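Work through the exercises below with the model open. Each one has a task and a stepwise solution.

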Amino acid sequence: MISLIVARTSQQLLQSNLKIHHLNIHSCSNKLRNIQHHLSLAFYSRAMADDLTKELDDTQVKLLSEECLLVNKDDAVIGSASKKECHLMENIKKGMLHRAFSVFLFNSNGELLLQQRANAKITFPGYWANTCCSHPLNVPGETEEGDAMGVKRAAQRKLKHELGIEAKQVPLEEFHYITRIHYQAPCDNPVWGEHEIDYILFLQKDVDVKPEPNEVQNYMYCNPQQVKELLEKASQEQEKVSPWFELIARNMLDGWWAKLEALDSIKNQESITRL
């Protein structure tokens with residue numbers, strides 16, 4: 001009798017162990033399938049990312065990894081994302097918004113320095129724009145909010161990078177933070193676009209310009225009439241003008257330009273103009 005009980009108990013234990021073993025194998029199998037699924041998605045995403053950039057300029061593609069500052073509609077920082085993520089229209093359509101700046105540099109004659117973006121640029125290649133347009137990054141010094149100091153540091157950095165203008169020629173204390181605009185614009189290539197809260201920075205300095213060819217293919221100084229002529233050529237598709245510069249030039253620039261000697265009178269740092 002005891003032998004029979006022991007035999008049955010042993011059989012039950014064996015069956016129980018086999019069930020547990022089967023469950024463990026099934027669980028491991030599910031985990032492996034999940035891992036394979038995630039790896040496949042990661043590989044697909046990487047392949048798609050590579051496909052988007054494979055025909056683009058290598059130097060410009062490397063810059064896509066820079067971390068821009070994500071903001072809400074009131075310009076409060078809510079995180080960061082790569083420059084690439086910020087400029088994909090699929091993300092912009094979902095509401096992704098980042099911080100940017102536009103520098104308007106005038107010489108001692110009151111003429112505005114414009115640049116023509118290099119053909120290597122990913123967004124708006126070959127377009128005319130204001131002096132310098134870019135983004136503060138999620139790095140020490142460029143996230144500082146007071147007096148837009150982080151934005152000013154980023155502007156100083158990019159003036160050197162794009163136009164070869166040395167920092168000592170454009171000291172931070174001589175940047176005037178005027179206001180902010182909020183705009184959205186798709187590129188000719190519908191994969192890419194802009195959706196920015198753009199800080200407008202003015203300064204008046206005589207500087208030495210040495211453009212980086214991968215960033216800037218041409219530049220010129222213009223008076224107000226010449227800017228109007230450029231916009232007219234753009235309307236007739238004889239020239240290309242960046243959407244942010246065109247919006248600013250058609251809606252605000254003349255009034256600001258007329259107050260170049262009294263910039264404090266045109267500053268509006270409390271509100272954001274939606275264009």
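**Exercise 1: the cavity**

The structure holds one cavity of 30 Å³ or more. This is a predicted model: local features need pLDDT of at least 70, side-chain atom pairs count only at pLDDT 80 or more, and totals for chains, interfaces and linings use all residues. Residues are numbered from 1 along each chain as its sequence is written, and side-chain values use heavy atoms, with hydrogens and water left out.

Solution. 
1. Read the volume, the space filled by probe spheres set on the points, which are joined across faces, edges and corners. The largest cavity has about 220 Å³.
2. Find the centre. Of 21 lining residues, Lys83, Arg117, Thr123, His135 and Glu194 are the closest to it.

**Exercise 2: the core**

Task: which residues have the most contacts inside the largest nonpolar core?

Solution. 
1. A nonpolar core joins buried (under 20% relative accessible area, 1.4 Å probe, protein chains only) Ala, Val, Leu, Ile, Met, Phe, Trp, Tyr and Cys residues through side-chain atoms within 4.5 Å.
2. The largest has 37 residues; Phe104, Leu112, Ile200, Phe202, Phe245, Leu253 and Trp256 have the most contacts inside it.
3. Apart from it lies another core, of 21 residues, including Cys132 and Leu159.
4. Take Ile200. Beyond its neighbours within four places in sequence, its contacts (heavy atoms within 4.5 Å) include Phe104, Ile248 and Trp256.

Terms used
1 Å grid on protein atoms, 1.4 Å probe; cavity = no way out; pocket = protein on both sides within 12 Å on 5 of 7 lines; lining within 4 Å. Buried < 20%, exposed > 50% of the residue type's maximum accessible area, 1.4 Å probe, protein only.
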